[in-house]
Amino acid sequence: MTTVTKMVGQSLKRREDPKLITGKGNFLDDIKLQGMSHAAILRSPYAHAKINSIDTSKAKALPGVIAIFTGDDMMDINPLPCAWQAGRVQNNANTPRALSAGKALYAGDGIAMVVAENRYIARDALDLIEVDYEPLPVVVDAKKATEAGAPQLHENAPNNICMTWDCGHKDATDAAFSSAEVTVKEQIINQRLIPTPMETRGALARYDEATGEFTVWMTSQAPHVMRLLLTAFVFGIPETKLRCISPNVGGGFGQKIFCYADMAFTMWAARKLGRPVKFVEDRSENYRSSTHGRDHITDVEIAGTKDGTITGLRIETWANLGAYLSTIAPGIPTTLYGRIATGVYKIPAAYCKVHGVYTNTAMVDAYRGAGRPEASYLIERMVDRFAAEIGMDPAEVRRKNFIQPSDFPYDNGMGLLPYDSGNYEPALDRALAMVGYADFRNEQAEARK
């Protein structure tokens, strides 16, 4: 069964309110280049669909449209790179192309590009493109994606698993749980979130045919890295042939670190057309197509004694990486998460296993601490659960299990570099004093009566 989708025009609204196009605005709007054109991207409304055909004839006939391209047109450049794959294990890597060809893997996947004289014409032309979609089964839950019968996204990733990675000492941890006086088990969901920077992302590319050099203005937190990734990995040209300029970022929170399709397709189109090409995503596109954060499902157990000593920690996490790998996605739930899962506590036996999983969702990558907040939430929640299980004050359980100043440098056994220093008890005492912890506990007891 196929579905023909034709978007309804919103021309009048767009002309009345430019914020519908750019959100708050973007510093790229202040850059004026001779002959500059504007790009807009047709995005799949389906989270998973085969693309049987794309009819652009009506859109091409719209006055002011310069050109329309699909993913098939851009096969002469490479997919975007994944620069940080999980170490020591097989990564079944799948990264996005500048535009998808043949299939859409998440709602918002870019499948066609309109280049026009201005942004309004470009957006109007999108409404005239007709796509014959064949919807396919969808999976968005990372744990369910690995189960038998789940829709498969990539041929090289059986059960939608990009990689399975671990750290710590499994046998010692299993032994600690076997001999433990107390164990507590919990499933923790660290929900997906959208970074929402003040300004949306964008790119403006110019190509000099005489020298073969590109200039790209980009809303990037890492323009030097983008220069390397776009030249060496995407276009296969010398790094000296690209200048990246990022004078203003407009907020980022991590979302603007990565290599994005718009950097590649504006460069490609600028070279193809011989004129500057600009793209600025609207807020809806930012929510649907730029990277998200977190999205972990974790089964975790903590073990210890009745007097409050923690003896073991065992973790299994299903980390949703989205439909494709973003630039450093596999490194976040592995090195930056698993290796610090013991937190500030002296836990003699710990083990963490992580499954990186593909789903029909936007890519997931670093956001505000990148893996570390997920790990901190996990261990602190489990310390609270352990304290409740043995009937001990959670502050005292923390105090009892802190790594002591005399223990440094300290190896937490998870493959991390040794902790070089720390003195956690004074910080805890200060925090308890600031909130009036003793009085709060008394008030709590009275309220419960």
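This is a predicted model: local features need pLDDT of at least 70, side-chain atom pairs count only at pLDDT 80 or more; totals for chains, interfaces and linings use all residues.
Me: At what angle do helices H10 and H11 pack?

Reply: Two packed helices are described by the angle between their axes and the distance between the axes. Helices (H or I, at least four residues) and strands (E, at least two) are DSSP runs, numbered from the N terminus. Axes are lines fitted to C-alpha atoms, for helices over the stretch in contact, and angles run from 0 to 180 degrees between N-to-C directions. Here, H10 (residues 372-390) and H11 (residues 394-401) pack at about 115 degrees, with axes 9 Å apart. H10 is therefore roughly perpendicular to H11, a term that covers 65 to 115 degrees. Their crossing is right-handed, meaning that the near helix is turned clockwise from the far one by less than a right angle.

Me: Which residues of H10 and H11 meet?

Reply: Contact means heavy atoms within 4.5 Å. Glu 380, Val 383, Asp 384, Phe 386, Ala 387 and Ile 390 of H10 meet Pro 394, Val 397 and Arg 398 of H11. By class, this contact has six nonpolar, no polar and three charged residues. Ala, Val, Leu, Ile, Met, Phe, Trp, Tyr, Cys and Pro count as nonpolar, Asp, Glu, Lys and Arg as charged, and the others, Gly among them, as polar.

Me: Which residues of H10 are buried?

Reply: An α-helix has 3.6 residues a turn, so residues three or four places apart point the same way. Buried means under 20% relative accessible area, exposed over 50%, and partly exposed in between (1.4 Å probe, protein chains only). In H10 the buried residues are Glu 374, Ala 375, Leu 378, Ile 379, Met 382, Val 383, Phe 386, Ala 387 and Ile 390. Their cover includes strands S9 (182-193), S14 (293-304) and S15 (310-322), together with H11.

Me: How do the axes of H7 and H8 cross?

Reply: The axes of H7 (residues 223-235) and H8 (residues 261-273) come within 11 Å and cross at roughly 65 degrees. Met 226, Leu 230, Val 234 and Phe 235 of H7 make the contact with Met 263, Ala 264, Met 267, Trp 268 and Arg 271 of H8. By class, there are eight nonpolar, no polar and one charged residues. The crossing of H7 and H8 is right-handed.

Me: Where does phi take a positive value in a residue other than glycine?

Reply: Most residues other than glycine have a negative phi, and most peptide bonds are trans. Asn 159 has a phi near 60 degrees and is found in the loop between H5 and S8. With a relative accessible area of 36%, Asn 159 is partly exposed. Ala 370, with phi near 50 degrees, lies in the loop between strand S16 (350-358) and H10. Ala 370 is buried, at 8% relative accessible area.

Me: Is the peptide bond from Phe 408 to Pro 409 cis or trans?

Reply: The bond from Phe 408 to Pro 409 is cis, with omega near -5 degrees. Pro 409 lies in the loop between H11 and helix H12 (424-434).

Definitions and conventions
Residues are numbered from 1 along each chain as its sequence is written. Side-chain values use heavy atoms; hydrogens and water are left out. Angles under 35 degrees count as roughly parallel, over 145 as roughly antiparallel, 65 to 115 as roughly perpendicular and the rest as oblique.
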